[in-house]
Amino acid sequence: MIVFQILLFSFFFYPPLEIRAAAPGLAKFIKNGYNRKGMYLHRAQQPEIQHRSNALFSYITSFIQNPREMLIFLLLSMPGRIMALSAHEFAHAWVANRCGDPTARMLGRLTLNPAKHLDPIGTIMMMLMGFGWAKPVPVNPRNYRNYRRDDLKVSIAGVTMNLCLFIVSFLVMCGILGATIHSLPHFDSITAGTGDLFVSNYMGQRVLVSGGDYYGIYRIKELFTLAPYVMDLLITPTFGRLAGYAYEMLSYFVLVNIALAIFNLLPVPPLDGYHVLNDLVIKKSLFASPNVTRIAYGALLVLVFFTPVVSNIIGFVEDALMNGLGGAMYALLGAVGIL
């Protein structure tokens, strides 16, 4: 089974340099907060929801305008991308081997070693152009014990792996966020608070009060639902720049895993979602014809680069998952007395 991993999600979740410069680490969090000048931003005003047709141009020009910031961005984001891709491909190989097909194992793909999964050209493209791909995991469906059922298992394995990694890493991030908030000064009222960062009560809710670059009042519950975006608001001012970089690296890992999972579930050949749809509903040949694959792939590129359709789908699912998990962690940490 050919599993083509094009990293178009780089454009969905890794903002161009000008966005990072305007609000580093908070490209999306700003939707419910304040910018550096304290002006409230409505969602329609956010730069990160600009039309994606200029994303490739922005990515390239960012290297020219500020290579230092782009180098930092790559150093922080590439490990998460590589780990997510390697885990995705390993899951395909592992499940295929369990289903009776040793092809991937015999070719050395039953490993988490990124060197076995990354395509050299795809990796270079990922760094220089913002998108890329990994080597497809080779399988032979004739070796499956149950032709269609095992194809479904192998197809969904990579997505399941990325979803699990997203959940675990997001919960870890929420734990770090909870511990950070717990360490801050707490005051009964905002007027009694001192310092640039403290926790208080406002209109019956627990809030974070910031007097720094992102000065304003932030509902703590919403911070948990937007945990990957609070690095510059909370982590760096509390623990320093190195801790902020570590948190940002974790945030990239969180976002790349959920993006990879959602993107691959799109029911378009040759993505995993097509195999899931085919095995459960269509029930035709396991692989689409080359002509159909080329047409579908071309249509997918159009949707990605010239319409907001794919970006909106990924954003909608990501928001739903982070709202649910973040809200649950907020309630749990509150129940045990950390918040």
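**Entry 1: Thr123.** I looked up Thr123 and found 15% relative accessibility, so Thr123 counts as buried; buried means under 20% relative accessible area, exposed over 50%, and partly exposed in between, with a 1.4 Å probe and protein chains only. Thr123 sits in helix H6, residues 120-128. Helices (H or I, at least four residues) and strands (E, at least two) are DSSP runs, numbered from the N terminus. Contact means heavy atoms within 4.5 Å.

**Entry 2: basis of the values.** I note that this is a predicted model, in which local features need pLDDT of at least 70 and side-chain atom pairs count only at pLDDT 80 or more, while totals for chains, interfaces and linings use all residues. Residues are numbered from 1 along each chain as its sequence is written, and side-chain values use heavy atoms, with hydrogens and water left out.

**Entry 3: the whole chain.** I recorded 13 helices and three strands in the protein. Of its 339 residues, 50% are buried. Among contacts with a separation of 6 or more, 68% are between residues 24 or more positions apart.

**Entry 4: nonpolar cores.** Which residues have the most contacts inside the largest nonpolar core? They are Leu177 and Leu208, in a core of 42 residues. A nonpolar core is a set of buried Ala, Val, Leu, Ile, Met, Phe, Trp, Tyr and Cys residues joined through side-chain atoms within 4.5 Å. At least two residues of this core come from each of helix H7 (147-183), strand S1 (197-202), helix H8 (220-225), helix H9 (231-239), H10, helix H12 (290-306) and helix H13 (309-335). H10 gives the most, with eight residues.

**Entry 5: H4 against H10.** Two packed helices are described by the angle between their axes and the distance between the axes. I looked up helix H4 (residues 67-98) and helix H10 (residues 241-264), whose axes come within 8 Å and cross at roughly 40 degrees. Axes are lines fitted to C-alpha atoms, for helices over the stretch in contact, and angles run from 0 to 180 degrees between N-to-C directions. H4 and H10 are therefore oblique to each other; angles under 35 degrees count as roughly parallel, over 145 as roughly antiparallel, 65 to 115 as roughly perpendicular and the rest as oblique. H4 passes H10 in a right-handed crossing; a crossing is right-handed if the near helix is turned clockwise from the far one by less than a right angle, and left-handed if anticlockwise. The H4 side of the contact includes Phe73, Leu76, Arg81 and His88, and the H10 side includes Tyr245, Glu248, Val256 and Asn264. By class, the contact of H4 with H10 has 14 nonpolar, five polar and two charged residues. Ala, Val, Leu, Ile, Met, Phe, Trp, Tyr, Cys and Pro count as nonpolar, Asp, Glu, Lys and Arg as charged, and the others, Gly among them, as polar.

**Entry 6: H10 against H13.** The axes of H10 and H13 come within 10 Å and cross at roughly 120 degrees. That makes H10 oblique to H13. The crossing of H10 past H13 is right-handed. I listed Leu255, Ile258, Ala259, Ile262 and Phe263 from H10, meeting Val310, Ile313, Ile314, Val317, Glu318 and Leu321 from H13. This contact divides into 10 nonpolar, no polar and one charged residues.

Entry 7: In H9, I found Met231, Asp232, Leu233, Leu234, Ile235 and Thr236 buried. Their cover includes H7, S1, strand S2 (205-210), strand S3 (216-219), H8 and H10. Gly240 follows H9 with a positive phi, near 105 degrees. The buried residues of helix H11 (residues 272-282) are Asp272, Gly273, Tyr274, His275, Val276, Asn278 and Asp279, and they pack against H4, H7 and H10.

Entry 8: Lys283 follows H11 and lies in the loop between H11 and H12. Its phi is positive, near 60 degrees, although Lys283 is a residue other than glycine. At 51% relative accessibility, Lys283 counts as exposed. Met203, in the loop between S1 and S2, is not a glycine and has a positive phi of about 55 degrees. Met203 is exposed, with a relative accessible area of 69%.
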